[in-house]
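Student: Hi, could we walk through this one together? I'm new to it, so please go slowly.
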Amino acid sequence: MPGLTIGDTIPNLEVESTNGKINLHHFCIDSWTILFSHPGDFTPVCTTELGQMAKYSSEFYQRGVKLLGLSCDDLKTHNEWIKDIEAYTPGAKVNFPIISDPKREIIKQLNMVDPDEKDSIGNLPSRALHIVGPDKKIKLSFLYPATTGRNVDEVLRVVESLQKASKFKVATPANWKPGEKVVISPDVTNEQAKEMFPQGFETKDLPSKKEYLRFVKV
């Protein structure tokens with residue numbers, strides 16, 4: 001379906017949440033934000049996911065990342081559901097807002113509609129997640145069907161990848177994990193790389209003899 005994708009600015013919506021009214025642009029300004037949707041309250045996969053997001057929340061906050069959930073039920077239902085989430089995941093506190101969207105209007109504007117999953121009202125939210133940069137533009141999106149839960153370790157991993165790429169002229173290779181070496185962007189010359197990375201970098205010797213695969217620790 002057409003809608004928001006990487007590089008798009010999130011719409012400037014006024015929404016109701018468990019923490020009161022939120023203006024999305026004000027909420028996201030000058031920080032990273034993870035905006036994630038769930039098909040419904042009091043559902044098994046969503047309860048496990050919200051519990052894990054709450055459990056990992058301090059890890060996200062340490063990296064300057066805000067969390068903002070969304071589900072299509074009303075605020076009263078959200079607040080009752082939070083009790084179940086926290087009971088299921090001991091020690092986890094849902095200290096981030098959850099948007100209420102009972103009319104299913106916000107999910108359409110945020111490209112978070114599941115085309116297959118429906119109830120008596122209409123299409124449910126998909127299991128979507130947007131990582132929004134300080135410029136209010138979407139940097140990465142995950143889109144899962146309602147039947148597949150997210151891996152929160154992967155969400156944390158890609159946050160670190162995006163932040164490193166925005167700070168340095170680097171990219172993260174396949175299966176990269178935080179703390180491992182990254183690769184230097186192809187548009188950085190070796191001379192520039194020596195200035196940018198005085199700690200040194202490793203150039204892989206390849207059959208083509210092209211010096212494009214350069215690893216550095218940052």
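This is a predicted model: local features need pLDDT of at least 70, side-chain atom pairs count only at pLDDT 80 or more; totals for chains, interfaces and linings use all residues.
Student: Let's start with charge: how many positive and negative side chains does the protein have?
Tutor: The protein carries 28 positive and 29 negative side chains, and the centres of the two sets lie 5 Å apart. Here Lys and Arg count as positive and Asp and Glu as negative, while His and the chain ends are not counted; each charge is placed at NZ of Lys, CZ of Arg, CG of Asp or CD of Glu.

Student: Which strands make up the open sheet of four?
Tutor: Its order is E10-E11-E13-E12, with antiparallel pairing, and the edge strands, E10 (170-171) and E12 (202-203), each pair on one side only. Two strands pair if DSSP finds at least two bridges between them; E12 and E13 (residues 214-216) have two bridges, and Thr 203 has Arg 214 in E13 as its bridge partner.

Student: Switching topic, is Asn 23 buried or exposed?
Tutor: Asn 23, which sits in strand E2 (residues 20-23), is buried because its relative accessible area is 13%, and buried means under 20%, exposed over 50% and partly exposed in between, using a 1.4 Å probe and protein chains only.

Student: What does its side chain make a polar contact with?
Tutor: The side chain of Asn 23 makes a polar contact with the side chain of Asn 12 at 3.1 Å. Such a contact is a pair of N or O atoms within 3.5 Å; within protein, one must be able to donate a hydrogen and the other to accept it, and residues adjacent in sequence count only if both atoms are side-chain atoms.

Student: And where does Leu 162 lie?
Tutor: Leu 162 lies in helix H6 (residues 152-167), and Leu 162 is also buried, with a relative accessible area of 18%. Leaving aside neighbours within four places in sequence, Leu 162 is in contact (heavy atoms within 4.5 Å) with Trp 32, Ile 131, Lys 139 and Leu 140.

Methods
Residues are numbered from 1 along each chain as its sequence is written. Side-chain values use heavy atoms; hydrogens and water are left out.
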